[in-house]
Structures are given as structure tokens and as C-alpha cells.
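Reader: Before I rely on the words used for a structure, I would like to see each of them set against its cut-off. Could you take me through them with the structure in view?

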Amino acid sequence: MDEYAKMLSGVPYQCLDPALNQFWHQQQMRNQKMNINGQIDYELLPHIAKSAVIVQPFNVSYGINIKLGEKAFINANSTLHDNAPINIGSQTMLGPNVQIYTASHPLDADERCRGIETAKAVTIGNRAWIGGGAIILPGVTIGDEAVIAAGSVVTKDVSARQVVAGNPAKVIKSL
């Protein structure tokens, strides 16, 4: 199994692998060009619904691991590090400066310095609202119609129709 396949499967992988780094660099160049020309690059982002809106600048790791549903909206300066799949449902809105991370590094410094990483998918349901500046950590699932308050750091799953806030985010009410 190559390092890219390991990365997507959730097992530890070598993030310093030359082939993986070459692919990452290629995708970074595509992302940079997309932000300059202001048009969505459907080769960089092949799983983006045509009715979805992405306000640029918009930053990704690979792009091809992001799925964005119909009429979803991503506001400016959002960063989606898609080392594992990121699935965002239909009519979900991300405020400006939202960050979604899928990669995680070991606590052991020797492993970290050797380039060992793991990645866990992030899933956000339909009609959810992620407030500006929120951070979603690896492996989190956010249910349909959930609301994440601006500036929250989401470390655990959020059920459908729950409102969470804070660092770490905690449930403040159900809708």
C-alpha cells in the first residue's frame, strides 16, 4: 500500500514520502492558481456540486478528498486539510476562516520528526451551520442541522440539531 492509500485508510503513513509530497505540491499549485483566477477548479475539487459556492481565497491540502453537497456555502479564508475525506452536506454553511483538519501527529516527538501522521475523516451533515473561525478536528462527525458557534473548537461528534460552543465545544442547547 502506498503512502497516499495509507493516508486515506486511516492507518499511520509517512507524510514525508517523496511521491506524496510531489502530489501535495501539485495540488497546492492548482489551489494557488484557483485562488488567483477566482474560478473553482473542478479538477482540484472534482466532488463539488455545481450549485455549491466557495468564496475565495480557499485553501486545501489535496482537494480531491473533499465532497461538497448541493447549495453548500463556504465563506472566505476557509481551510480544509483533506488528508482524509471531508464530506459536507447539502445546504450546509461554513463561515469565514473555518478550519477543518483531518491529519493528526503523534505525541511522541521522535515519531513526529520522522514524519509519521494519521488522518481521520470529517463528516458534516445537511443544513448545518459552522460559525466563523470554528475549528473542526480529525474524526469529528457533525449531524444534520447542527450549529457550531463562531470560534468553537469541535473535538467530539455533534448530534443532529444540537448547538455547541466553546473550546472545547460543548452542547448549549438542542433545536
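Author: What follows is a set of questions about terms, each answered with a value and a definition. This is a predicted model, in which local features need pLDDT of at least 70 and side-chain atom pairs count only at pLDDT 80 or more, while totals for chains, interfaces and linings use all residues. Residues are numbered from 1 along each chain as its sequence is written, and side-chain values use heavy atoms, with hydrogens and water left out.

Reader: Which parts of the chain does the pair of Tyr 4 and Tyr 62 tie together?

Author: Tyr 4 belongs to helix 1 (residues 3-9), and Tyr 62 to the loop between strand 4 (58-60) and strand 5 (66-68), so the pair ties together parts that are 58 residues apart in sequence. Helices (H or I, at least four residues) and strands (E, at least two) are DSSP runs, numbered from the N terminus.

Reader: How do you know whether Tyr 62 is buried or exposed?

Author: Buried means under 20% relative accessible area, exposed over 50%, and partly exposed in between (1.4 Å probe, protein chains only). Tyr 62 has a relative accessible area of 4% and is therefore buried, whereas Tyr 4, at 21%, counts as partly exposed.

Reader: Why is the pair of Phe 23 and Tyr 62 called stacked?

Author: The ring centres of Phe 23 and Tyr 62 are 5.7 Å apart and their planes stand at 25°, so the pair is stacked. This pair also links distant parts of the chain, since Phe 23 is in helix 2 (residues 18-37) and Tyr 62 is 39 residues apart from it, in the loop between strand 4 and strand 5. Phe 23 is partly exposed, with a relative accessible area of 22%, and ring pairs link Tyr 4, Phe 23 and Tyr 62 into a cluster.

Reader: What makes the charged end of Lys 50 count as sitting over the ring of Tyr 42?

Author: A charge sits over a ring if NZ of Lys or CZ of Arg is within 6 Å of the ring centre and within 35 degrees of the ring normal. The charged end of Lys 50 is 3.6 Å from the centre of the Tyr 42 ring and sits over it.

Reader: What lines the largest pocket, and which residues lie nearest its centre?

Author: On a 1 Å grid over the protein atoms alone, a cavity is a set of points where a 1.4 Å probe fits but cannot get out, and a pocket is an open set with protein on both sides within 12 Å along at least five of seven lines; lining residues have an atom within 4 Å of a point. The largest pocket is lined by 18 residues, and Trp 24, Ser 61, Tyr 62, Asn 83 and Glu 117 lie nearest its centre. Helix 2 gives the largest share of this lining, five residues.

Reader: Why is strand 11 called an edge strand?

Author: Two strands pair if DSSP finds at least two bridges between them. Three strands form an open antiparallel sheet in the order 1-12-11, and the edge strands, strand 1 (13-14) and strand 11 (103-104), each pair on one side only. Two bridges join strand 11 to strand 12 (residues 116-119), with Ala 103 opposite Ala 119. Strand 1 and strand 12 also pair over two bridges, and Gln 14 has Ile 116 as its bridge partner.

Terms used
Phe/Tyr/Trp six-rings, centres within 6.5 Å; stacked < 30°, edge-to-face > 60°.
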